[in-house]
Amino acid sequence: MRKDRLYFLTFISISVIFLIIASLGVKYFIKVSANQLIEVQLESSKREANEIAKLISYQLAGGIIRQTVIENVQNTIENTHNEASFICVFDWSGKEVCNPDITKVGQKVNSNQSLLNSLNEENSADKLYDLLMNRKKEKENDSIDIESEIVYISPVKDSDLIVAAHTNLNEIATQTQKLKTSFYTIFILMGVLIILSSFIAVRIIGSYYEKQLELKNINLESELINLSKLNTDLVAYQQKVVENTNNEQSEIAADSGKKRILTYIRNELIPISINEIAYIYTENTITYVICFDRKKSTSNVSLDDIFMSLDSSLFFRANRQFIISIASIQKIIKYGNSQLKILVQDANVEIIISKNKAAEFRQWLNI
C-alpha cells in the first residue's frame, strides 16, 4: 500500500512539474514562432511596397498620366484584402487612392504612428507579436473596426503618393491561433509520453532497488546470525579456557608455551604471567604489554617473537599491531566489508580483523 501511494505521488509530482514547465515554455515558443511568421510577412510586404513604389515612380517619370498609373495599380491590387498582408496607396493628405477594397478609396488611412516607429527600429522582430496583438485587443475592447494596420510605408519618388504595406490583423490572429493549437497539441502528447515513460522508469528502477534492498537485508540477517553465533561461541570458549586454568588441562596448555614474559616499567624489570595479559600491541617500534588490571609495561622483544612464544590456543595475532587474549575479548561486531571489530574488556581500544584474517579468527574460536 505504501509503495502504491509513493508511485501515485511520484506520478502527480512529475505531472505538476511538467505542467509548470510547459505553461511557461509554450508561451515562449508561440511568441517566437509568431514573431518569425510575422517577420517573414513583414519583409515580404516591405519588398512588395518598395517594388510598387519604384514601378509607380518609373511610370510617372516615363510620362504616364498620374490617374492612369493609379488606375493600373488599383486594378492590380484589387480583391487581395483576404491575404495576410496587402498594399495600398495614399497621398500626402492621408486619403487613400488605391486599396484592395475599392469602397475604401477616398477614405482616410487608418494607421498607428507609434506602431510604425516601433517597427522601423532595428530589433523590431521581437516587438511585432506584442504590438499587433495589442492593436487586436484594442479593437476587441473598444469595438473599433480595425481589420488591418500599416506596418511599412515607401514614398514614391518625385510624387505625392505613398505606398503602404498593411498587415491583416484577423489573418495574423487566425495563424497565431493555429500555432497555439499545434503547440498545445504537441505539448499534450509530449507530456503524456514523458509522464508515462517517467512513471514506468520509476516503477522499474524502484522494483530493481527493492529487490537489491531485500537481497541486502537477507545477507545482513545472515551476517547477524553468524555474528551472534560467533559471540556465543566466544563466550563458550572463554568459559572453557577458565575451566582449563583450574584443572590439569591448564598445565598441558602452559607447557606448550611460556608461563611468563619479562617486561619493563621504567628501569624496573617486571615478570608478567601469561594469564594476566589482556593484549599486546606495538607503537613506534615499542612493544607494550597491557594486563587485565590495566597495568602497562614495555618489552624489548618484537611482537612477532612474543607471539611465537605464546600459547596459540589462548592468544591470537589480530593484525600487525595487536595480539589479543581470548579472555580479554568482550564482544565481536561486524565492521566494514566482511571485517570484524574486537572490543576489549574494560579498555577503550578497538581491534580490527581484516577480511582475510576473519576466517582464521573463526577457526581459532573452534567454529
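Is C98 buried or exposed, and what is its relative accessible area? I looked this up and found that C98 is buried, with a relative accessible area of 1%; I take buried as under 20% relative accessible area, exposed as over 50% and partly exposed as in between, with a 1.4 Å probe and protein chains only.

**Setting up.** I note that this is a predicted model, in which local features need pLDDT of at least 70 and side-chain atom pairs count only at pLDDT 80 or more, while totals for chains, interfaces and linings use all residues. Residues are numbered from 1 along each chain as its sequence is written, and side-chain values use heavy atoms, with hydrogens and water left out.

**Cysteines.** I searched for disulfides, defined as pairs of cysteine sulfur atoms within 2.5 Å, and the count came to zero. For C88 the nearest cysteine sulfur is that of C98, at 8.7 Å, and C88 is in no disulfide. C88 counts as buried, at 0% relative accessibility. C98 is likewise in no disulfide, and its nearest cysteine sulfur is that of C88.

**Whole chain.** I then recorded the totals: the chain has eight helices and 14 strands, where helices (H or I, at least four residues) and strands (E, at least two) are DSSP runs numbered from the N terminus. Of the 367 residues, 38% are buried. The accessible surface comes to about 22,600 Å², with 54% of it belonging to carbon and sulfur atoms; these areas come from the Shrake-Rupley method with a 1.4 Å probe, and for residues only the protein chains shown count as cover. Among contacts (heavy atoms within 4.5 Å) with a separation of 6 or more, 54% are between residues 24 or more positions apart.

**Strands β5 and β6.** I followed strand β5 (residues 260–265) to strand β6 (residues 268–273), and found that the two run antiparallel and are joined by six bridges; pairing requires that DSSP finds at least two bridges between two strands. They form a hairpin with two residues between them, and R266 in the turn has a positive phi of about 60°.

Y264 lies in β5, and its bridge partner in β6 is L269. Y264 is partly exposed, at 32% relative accessibility. Leaving out residues up to four places away in sequence, I list L269, S297, T298 and N300 as the residues that Y264 touches. The C-alpha atoms of Y264 and T298 are separated by 5.1 Å, although the two residues are 34 residues apart along the chain.

**S297.** This residue lies in strand β9 (residues 296–299) and is buried, with a relative accessible area of 2%. Its side chain makes a polar contact with the side chain of T263 at 3.1 Å, a polar contact being a pair of N or O atoms within 3.5 Å, where within protein one must be able to donate a hydrogen and the other to accept it, and residues adjacent in sequence count only if both atoms are side-chain atoms. Beyond four places in sequence, S297 touches T263, Y264, I265, I272, T287, Y288 and V289.

**Nonpolar cores.** I define a nonpolar core as a set of buried Ala, Val, Leu, Ile, Met, Phe, Trp, Tyr and Cys residues joined through side-chain atoms within 4.5 Å. The largest has 35 residues, and Y279 and F361 have the most contacts inside it. Strand β7 (residues 277–283) supplies the largest share of this core, five residues. Apart from it lies another core, of 19 residues, including L42, V69, I87 and A165.
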